[in-house]
Amino acid sequence: MPTIVSVDDSTVPGEGSSRLLLLVSSDNKHIVVEEDIMSRSRFISKQVEGFEATSQRHAILLPFSSFVLNKVIEYCSHYRGYYLLEDDPDAAPPGRSPVREWDQEFLDVDRNMLLRIIKAAHYLEIKSLVGSCARAIADMIRGKTTEEMREILGVENDFTPEEEHSPSSKCTG
Amino acid sequence: MLDATTHRPQCTAMSLPNELLLIIFSICVTSSASHPSPEVPQATDLGTSPKALALSHVCHRWRSIITSTPTFWTRVEVFPAPKYVHMVPSCVKYSRSLPLDIIIRPPSGVSSSDHGNDLAQHKNKENVLSSSSVSANTVTDIDSPKFKKRRRCLRDTLAFLSPHVSRWSSFSLVAEHASLVSYVVSHLAKLPSAPILRTLALSLKHEDRVLVQPFHLHVPFHGNAPQLETILLDAVGFD
């Protein structure tokens, strides 16, 4: 991927030694964010480690829109400085913990946005956000009929009538 | 504003990678399972396997993920009704070689009191018995088509599961009639052994409860269940 912008090693006034990162979204918006805020992202942390190894700091290009990126930054800002068990590398798979109240409000968005956020969180390796999104999606389809699940999540029925009610047909495993 | 997505292409679950779908499915299948332990369950919700089955009916890709994940199929929660009995072979197949937790119980909403209503209607039709007569109730139960259907389903369920008794980790029965408990115990007595069975739970849930003592004639698994740690009996006794 091309490196399009160099970033100096500036710090945020009044915020101690927190350095800045330049994130570039798929719609080519440049967003400057404090490194501390994004440290919850394993992906970003690994990028920053790479910067330190080469003594050069570059913009980080991300494959999702500024709209989604800003939502993720909002999440990371809210939990800045908090330890979340789900983000521990040794923690159980995402989604095992109850959804926090703030997360419920934060994720009170439409399906499109929710799916975009979980994909971004997955890309950025933010397990806590992946877990909260996954729970929100699971809540949308839990207890629903097959047809309702398809409608809610925009999934096309690609079964033949014979296949539809037999999990043993045309499936791997 | 969240409405900023209005002019963007629709994002559907089809665009999620398998890893994410698996996380979502795991939550769907397990998080609200109302009975995380193999103890005597309360009839409130579908179990793990029916949820997995429902997800597998959405599309090919979902089915592939669901059926490739044996842990989704290890909790064989069966209501004695044909649509659930037909699920048992899928559980046996897709759980691969993993231990099975088996729960057979009345469906949600068909609790002992509902069953009592069924009985009451049947009694009114027949106009033969007083509701306080336990032995008379037994005769009425066995004669009813509903009871016969339940017993057939129970028989079919056990027929599917018995060849895999070596994988049974727990077995829990909540029956609506004493004769069903006796039937199951007599069936278990025919099985050779249950090498990894840890929990055996038998419960009779009916408003006219009687103490069933099926063990004086039948010893489950020929007494060969070396890992058995817990026996839970509710209105079922040893003589």
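How many salt bridges are there between chain B and chain A? The count is 0. The views below come from a predicted model.

**View 1. The contact between chain B and chain A.** Chain B contributes 41 residues to the contact, and chain A contributes 46 residues. Together the two chains bury about 3700 Å². Carbon and sulfur atoms account for 62% of that area. On the chain B side, look for Cys11(B), His60(B) and Arg63(B). These residues supply 17% of the area that chain B buries against chain A, more than any other three residues. Salt bridges between chain B and chain A number 0.

**View 2. Helices H2 and H3 of chain B.** H2(B) covers residues 48-56, and H3(B) covers residues 60-67. Their axes come within 8 Å and cross at roughly 150°. Angles over 145 degrees count as roughly antiparallel, so H2(B) is roughly antiparallel to H3(B).

**View 3. Residues where H2(B) meets H3(B).** H2(B) brings Ala52(B), Leu55(B) and Ser56(B). H3(B) brings Trp62(B), Arg63(B) and Ile66(B). By class, the residues of this contact are 4 nonpolar, 1 polar and 1 charged.

View 4. Ser66(A) lies in helix H3 of chain A, residues 66-78. Ser66(A) counts as buried because its relative accessibility is 11%, and the cut-off for buried is under 20%. Leaving aside residues up to four places away in sequence, Ser66(A) touches Ser25(A), Asp27(A), Lys29(A) and Ile31(A).

Key. Residues are numbered from 1 along each chain as its sequence is written. Chains are lettered from A and ligands numbered from 1 in the order in which they are written. This is a predicted model: local features need pLDDT of at least 70, side-chain atom pairs count only at pLDDT 80 or more; totals for chains, interfaces and linings use all residues. Side-chain values use heavy atoms; hydrogens and water are left out. Axes are lines fitted to C-alpha atoms, for helices over the stretch in contact, and angles run from 0 to 180 degrees between N-to-C directions. Helices (H or I, at least four residues) and strands (E, at least two) are DSSP runs, numbered from the N terminus. Angles under 35 degrees count as roughly parallel, over 145 as roughly antiparallel, 65 to 115 as roughly perpendicular and the rest as oblique. Contact means heavy atoms within 4.5 Å. Ala, Val, Leu, Ile, Met, Phe, Trp, Tyr, Cys and Pro count as nonpolar, Asp, Glu, Lys and Arg as charged, and the others, Gly among them, as polar. Buried means under 20% relative accessible area, exposed over 50%, partly exposed in between (1.4 Å probe, protein chains only). Buried area is the accessible area (1.4 Å probe) that two parts lose on being put together, summed over both. A salt bridge is a side-chain nitrogen of Lys or Arg within 4 Å of a carboxyl oxygen of Asp or Glu.
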